[in-house]
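Trainee: Could you walk me through a few features of this one? I'd like to see how each conclusion is reached.

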Amino acid sequence: MSREELEAEALRLFTGIGLAEQTAQQAIVKPKFRQALIDLIKEAGVAGGCPKSQGALLYTTASKYPANALAHRAELLAYITSDRIRSNAQLDGALEYLGKVGSEPIDVAKFEEAAGVGVEVTPDQIKAAVAACVQENEAKLKEERYHCNLNILLGKMRAGGGLIKWADVNALKAELEAQVAALLGPKTEADMAKPDKKKKAKPAAENGAAPAAAKAKPAEKAKEEAEAWRTADPYAFLPKPAENNMVHTTVHFSDGRKMNVANTPDLLAAHLKETGGKVVTRFPPEPNGYLHIGHAKAMFVDFGMAAQNDGVCYLRFDDTNPEAEKQEYIDHIQEIVGWLGWKPWKITYSSDYFDQLYAFAVQLIKSGNAYVCHQTGDEIKDYRERREPSPWRDRPIEESLKLFEDMRRGLVDEGKATLRMKMDHKNENYNMFDLIAYRIKFVEHPHAGDKYCVYPSYDFTHCLVDALENITHSMCTLEFETRRASYYWLLEVLGTYKPLVWEYSRLNITHNVMSKRKLNRLVTDKYVHGWDDPRLLTLAGLRRRGVTPQAINNFCREIGVTRSEGEVHLHKLDHHIRADLDATSRRALGVLRPLRVVITNLPDSHYEEVEAKYFPGRSEDGYKVPFTKVVYIEETDFREADSKDYYGLAPGKAVMLRYAYPITCTGFTKDPATGRVTQVQATYEADLTAKKPPKGVLNWVGQPAPGKEPPTFEARLYDVLFKSQNPASAEDWLADLNPDSLVVVKGAYATPELAKAQPGDRFQLERLGYFCADPDTASGSLVLDRTCALKESFPKQTSGKVQQKK
């Protein structure tokens with residue numbers, strides 16, 4: 001069926017049970033609810049229509065039915081279609097009872113008692129209940145008269161318990177209105193008038209001005225809302241471990257069968273006993289590459305949820321492929337997890353469970369749910385596309401058991417056999433097409449040794465290790481959603497505990513690629529300088545660039561844990577980087593492209609030290625900066641002609657040297673060959689009180705001693721790696737690389753304080769940006785990476801002595 005045909009059929013079914021067309025249309029646009037209501041209508045046997053009162057109850061049932069009690073839904077529907085359950089109160093009672101019972105057998109007598117089945121409330125009983133209500137609220141009724149909201153009184157009566165909650169609502173309301181009319185008498189003109197809306201009195205203002213506090217409230221509220229992510233619980237929507245008794249998924253088979261997968265009360269009780277009811281999560285990277293910022297989000301989800309709920313989180317290496325694993329990657333992952341501030345409860349490997357997994361595979365064969373297959377990979381793909389079964393799908397169990405043992409012992413050649421799960425070869429979901437459970441590899445496993453010649457697949461291993469480790473919440477990105485059916489199918493046929501699986505959107509950031517394959521291409525083909533190149537959003541690259549763990553975690557917290565897919569703009573990450581560095585990075589003075597300034601009213605031997613601050617305005621702690629006859633400013637801070645909106649140095653104009661003195665330009669010298677300004681002459685004003693200080697304030701560097709040039713450093717200025725926002729969507733994505741993603745500035749000048757920087761030290765070079773000392777820094781050879789600009793619109797500095805790298 002086409003989408004239009006499906007929606008037309010749904011509309012026919014929904015209006016057939018008496019739903020208003022608007023309500024029916026609202027149900028149709030929600031795919032999951034639409035399918036749930038269609039299934040329920042068919043299960044109730046009313047596809048041809050039913051009374052409107054029954055349809056309303058069926059609609060409510062579709063939205064509120066407890067997922068852990070699907071086994072009893074048909075029984076409830078029979079009560080509705082036979083009019084033994086006729087009201088919302090009865091339905092609520094029935095649903096509450098079924099939610100407590102779950103998949104266990106129901107006690108019919110207790111069920112009917114909970115749902116008020118067969119209970120008849122007589123007119124006398126209704127009259128007595130209403131009379132008691134009117135007497136209790138007589139004062140209120142006389143005060144408010146006909147403006148009193150009778151629906152509130154009606155709700156209180158029904159919520160009070162006893163027989164009256166099963167009474168017919170219309171009869172109850174009619175009796176209440178009659179007794180109120182008898183108490184109050186005929187309506188007066190005042191009763192007929194609309195009540196005045198009470199307005200809150202505004203606080204008195206002096207001199208007719210609005211109070212300052214009132215004006216400030218909207219701004220304060222906006223600020224609170226903008227910062228709400230800092231204190232909100234991003235995992236609050238997820239169920240607690242003790243609530244893990246709902247149906248996790250319904251596996252639909254091609255022959256019309258359904259498998260409703262849920263934990264039995266015994267399985268859940270055993271799980272809770274082992275875990276003590278704690279949240280147990282896992283971060284399960286494959287040790288075959290370097291982690292990127294998407295993995296930081298995964299860590300925030302897994303480690304963060306455990307920490308938020310006083311639980312525990314495993315660091316589990318998914319090492320089922322012995323050929324891809326490298327100790328280099330394992331060491332890197334453990335180091336990065338610690339750098340981000342997360343502490344694994346235990347570090348495990350999927351290979352730790354190879355013995356249990358092999359036993360599960362044998363159990364699967366014995367139960368008729370797995371078989372040894374000799375198809376090649378291409379043949380499996382071809383058969384899957386044609387929805388045809390493997391020729392070996394129905395081979396005898398004993399034969400598969402013997403062959404599987406031969407595979408384990410190395411008696412079957414690599415590529416000649418696999419163990420496949422007997423799932424549903426005609427299923428629309430390719431992940432139910434008899435997935436491979438084991439394949440032969442004559443490779444010694446780095447962690448498990450040479451015990452096995454067969455290794456389990458991801459699809460076989462992942463869910464079973466989750467169950468073995470008693471994971472409560474198995475969190476993954478949305479591309480794994482189609483594997484949910486195979487995940488739960490395997491756990492169900494093996495009778496194991498079932499974790500809650502929840503998928504969230506993967507992290508995509510503009511101007512970057514996050515695919516492991518594309519990142520590997522960039523590194524191996526030398527478009528970048530290794531996995532820790534600061535232009536990459538690998539965690540090693542971000543760390544080298546000077547990004548702090550707190551900034552990354554704050555970014556992950558703000559974007560949240562949702563299923564909404566889309567790109568996050570790079571400036572959001574930069575905002576958190578900048579905010580954290582602003583609070584934690586010492587200020588320093590440096591000049592990227594030096595322009596010599598000679599202060600003509602100072603003697604050649606002049607030397608003094610001025611006091612600069614590490615955190616201006618926040619602390620008095622600081623460092624000494626030499627002030628000499630010759631100082632250096634940014635080449636871009638001088639113009640030959642002044643203008644109104646310019647605050648730099650120009651002939652006849654004064655500027656303030658940060659932490660030092662005002663200087664006024666008296667002249668300049670140019671290179672006759674290039675026309676470039678090579679030197680500026682200026683005078684300084686020693687008396688800071690003599691004149692109003694100039695508006696322009698410049699970063700500068702003096703000579704460490706008269707006549708001695710300042711220490712130099714290399715600055716690496718980074719920009720976006722790709723020119724377009726979504727390079728991954730381009731056919732030739734490598735053509736989108738930004739040739740100016742790295743600009744190297746050599747010969748920059750540092751103060752003696754800055755020259756002491758060690759690898760990993762972070763600074764704010766005033767007016768220039770946030771920088772971090774690169775690992776390439778050596779004695780006498782300082783290298784600074786620019787982490788980010790001071791503002792989002794920081795202009796590129798492209799003039800001067802630069803060397804560009806690819």
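Mentor: Let's start with a helix pair: Leu57, Thr60, Thr61 and Lys64 in helix 4 meet Asn88, Leu91, Asp92 and Leu95 in helix 6, where contact means heavy atoms within 4.5 Å. Helices here are DSSP runs (H or I, at least four residues) and strands likewise (E, at least two), numbered from the N terminus. Keep in mind that this is a predicted model, where local features need pLDDT of at least 70, side-chain atom pairs count only at pLDDT 80 or more, and totals for chains, interfaces and linings use all residues. Residues are numbered from 1 along each chain as its sequence is written, and side-chain values use heavy atoms, with hydrogens and water left out.

Trainee: By class, which residues make up the contact of helix 4 with helix 6?

Mentor: Ala, Val, Leu, Ile, Met, Phe, Trp, Tyr, Cys and Pro count as nonpolar, Asp, Glu, Lys and Arg as charged, and the others, Gly among them, as polar. On that basis the contact of helix 4 with helix 6 has 3 nonpolar, 3 polar and 2 charged residues.

Trainee: Is helix 4 roughly parallel or roughly antiparallel to helix 6?

Mentor: Take the axes, lines fitted to C-alpha atoms over the stretch in contact, with angles from 0 to 180 degrees between N-to-C directions. Those of helix 4 (residues 52-64) and helix 6 (residues 88-101) come within 11 Å and cross at roughly 30°. Angles under 35 degrees count as roughly parallel, over 145 as roughly antiparallel, 65 to 115 as roughly perpendicular and the rest as oblique. So helix 4 is, relative to helix 6, roughly parallel.

Trainee: How many disulfides does a search of the whole structure find?

Mentor: A disulfide needs a pair of cysteine sulfur atoms within 2.5 Å. The closest cysteine sulfur to that of Cys313 is in Cys476, 14 Å away, so that is too far for a bond. Cys788 is in no disulfide either, as the nearest cysteine sulfur, in Cys772, is 11 Å away. For the whole structure, the search finds 0.

Trainee: Asp434 has a positive phi although it is not a glycine; is Asp434 buried or exposed?

Mentor: Most residues other than glycine have a negative phi. Asp434, at about 40°, sits in the loop between strand 7 (418-421) and strand 8 (436-440). Buried means under 20% relative accessible area, exposed over 50%, partly exposed in between (1.4 Å probe, protein chains only). At 2% relative accessibility, Asp434 is therefore buried.

Trainee: And Lys526, buried or exposed?

Mentor: Lys526 also has a positive phi, near 65°, and lies in the loop between helix 22 (516-524) and helix 23 (539-545). Its relative accessible area is 60%, so Lys526 is exposed.
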